[in-house]
Amino acid sequence: MLYIVGLGLGDERDITVRGLDAVRRCAKVYMEAYTSLLSLGLDPSALSNLEKLYGKEITVADREMVEERAEQVLREAADADVAFLVVGDPFGATTHTDLVVRAKNMGVEVKVIHNASVMNAVGVCGLQLYRYGETISIPFFTETWRPDSFYEKIQNNRRLGLHTLCLLDIRVKEPTLESLCRGKKVYEPPRFMTVNTAISQLLEVEELHGGSAYGADSLCIGVARLGSDDHKIVAGPMKKLLDVDFGPPLHCLIIVGETHPVEEEMLEFYMIKT
């Protein structure tokens with residue numbers, strides 16, 4: 001059996017009771033650590049905290065392992081119970097459908113144990129979940145790569161009066177371009193996009209397209225460390241959020257669409273003071 005277990009958003013204690021029961025009876029436990037993070041990678045003690053609570057040794061599965069050696073995990077799951085831990089919900093912000101498809105094609109039974117994800121936890125800011133449009137991802141710009149395919153999606157959401165959840169790039173164990181050219185991988189230091197960087201890039205794209213999808217005065221909500229006790233939520237115009245220190249990662253951004261009076265009441269609690 002392959003168990004795909006959601007861990008929630010905060011720390012090792014956010015696993016569900018059902019998820020914890022599954023992990024404790026598994027012969028092998030992997031933790032996916034490239035689409036999102038708990039405090040893994042930010043706090044050196046994070047992995048040992050998980051292992052202590054779960055009572056299991058955990059193998060961290062980076063992108064290369066999942067993409068290139070998934071067959072190994074599935075072969076193990078064909079003979080014993082194996083857990084694959086995912087931050088948030090297994091089918092939340094980033095799906096793991098490919099792993100499920102491979103498992104089923106190999107005749108491996110799969111059981112999914114759900115948990116909270118960014119996709120529903122953003123309700124804490126007061127915007128109603130059914131008033132969101134398509135979610136987008138914003139990658140880090142480089143000197144030679146400045147993708148803006150998300151622009152049209154934001155524009156469509158805004159035309160419909162819908163909010164847009166922007167998931168911000170994290171780069172964990174990414175090989176440098178130079179090392180790939182040399183054939184020997186050297187990895188970049190981990191990077192986590194801030195609300196401030198996301199807004200700067202969004203304004204650059206708007207200036208390029210000029211489609212009035214949003215602007216410096218557009219109402220947005222910056223969210224940091226969603227699901228943690230020290231989460232931070234600040235609402236205000238893009239230009240004012242640029243100067244807010246949201247603190248450590250992970251961050252996300254919401255571009256606000258048309259608002260209901262109840263949403264507006266809730267947003268007042270988070271509105272930046274001018």
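**Briefing: rings, helices and local geometry**

Arg 191 lies over the face of Phe 140, with 4.1 Å to the ring centre. The model is predicted. The chain has 274 residues, and 47% of them count as buried. Its secondary structure comprises eleven helices and twelve strands. Among contacts with a separation of 6 or more, 73% are between residues 24 or more positions apart.

**Aromatic pair**

- One aromatic pair turns up in a search of the whole structure.
- Its members are Tyr 151 and Tyr 214, with ring centres 5.8 Å apart and planes at 65 degrees, so the pair is edge-to-face. The cut-off for that label is over 60 degrees.
- The pair links distant parts of the chain, 63 residues apart. Tyr 151 sits in helix α7 (residues 150-159). Tyr 214 sits in the loop between α9 (195-209) and β10 (219-224).
- Are these two tyrosines, Tyr 151 and Tyr 214, buried or exposed? Both Tyr 151 and Tyr 214 are buried.

**Packing of α7 and α9**

- Two packed helices are described by the angle between their axes and the distance between the axes.
- Here the axes of α7 and α9 come within 11 Å and cross at roughly 85 degrees. That makes α7 roughly perpendicular to α9.
- On the α7 side, the contact is made by Phe 150, Tyr 151 and Ile 154. On the α9 side, Leu 202, Val 205, Glu 206 and His 209 take part.

**Glu 263**

- Glu 263 is in helix α11 (residues 261-267). It is buried, with a relative accessible area of 0%.
- Which side chain makes a polar contact with the side chain of Glu 263? It is that of His 163, at 3.0 Å.
- The Glu 263 side chain also reaches the backbone nitrogen of His 260, at 2.7 Å.
- Beyond four places in sequence, Glu 263 is in contact with Gly 126, Leu 127, Gln 128, Arg 131, His 163 and Glu 258.

- Phe 84 lies in strand β4 (residues 82-86). Its relative accessible area is 2%, so Phe 84 counts as buried.
- Phe 84 and Gly 6 are 78 residues apart in sequence, yet 8.7 Å apart in space, C-alpha to C-alpha.
- Lys 52 is in helix α2 (residues 46-54). With a relative accessible area of 70%, Lys 52 is exposed.
- The C-alpha atoms of Lys 52 and Glu 12 are separated by 9.5 Å, and the two residues are 40 residues apart along the chain.

**Backbone geometry**

- Pro 249 and Leu 250 are joined by a cis peptide bond, with omega about 5 degrees. Leu 250 is in the loop between α10 (238-241) and β12 (251-255).
- Ser 212 is not a glycine, but has a positive phi of about 55 degrees. It is in the loop between α9 and β10. At 64% relative accessibility, Ser 212 is exposed.
- Arg 225 is not a glycine either, and has a positive phi of about 55 degrees. It is in the loop between β10 and β11 (232-237). At 11% relative accessibility, Arg 225 is buried.

Notes. Residues are numbered from 1 along each chain as its sequence is written. This is a predicted model: local features need pLDDT of at least 70, side-chain atom pairs count only at pLDDT 80 or more; totals for chains, interfaces and linings use all residues. Side-chain values use heavy atoms; hydrogens and water are left out. Rings of Phe, Tyr and Trp (its six-membered ring) pair if their centres lie within 6.5 Å; planes under 30 degrees apart count as stacked, over 60 as edge-to-face and the rest as tilted. Helices (H or I, at least four residues) and strands (E, at least two) are DSSP runs, numbered from the N terminus. Buried means under 20% relative accessible area, exposed over 50%, partly exposed in between (1.4 Å probe, protein chains only). A charge sits over a ring if NZ of Lys or CZ of Arg is within 6 Å of the ring centre and within 35 degrees of the ring normal. A polar contact is a pair of N or O atoms within 3.5 Å; within protein, one must be able to donate a hydrogen and the other to accept it, and residues adjacent in sequence count only if both atoms are side-chain atoms. Contact means heavy atoms within 4.5 Å. Axes are lines fitted to C-alpha atoms, for helices over the stretch in contact, and angles run from 0 to 180 degrees between N-to-C directions. Angles under 35 degrees count as roughly parallel, over 145 as roughly antiparallel, 65 to 115 as roughly perpendicular and the rest as oblique.
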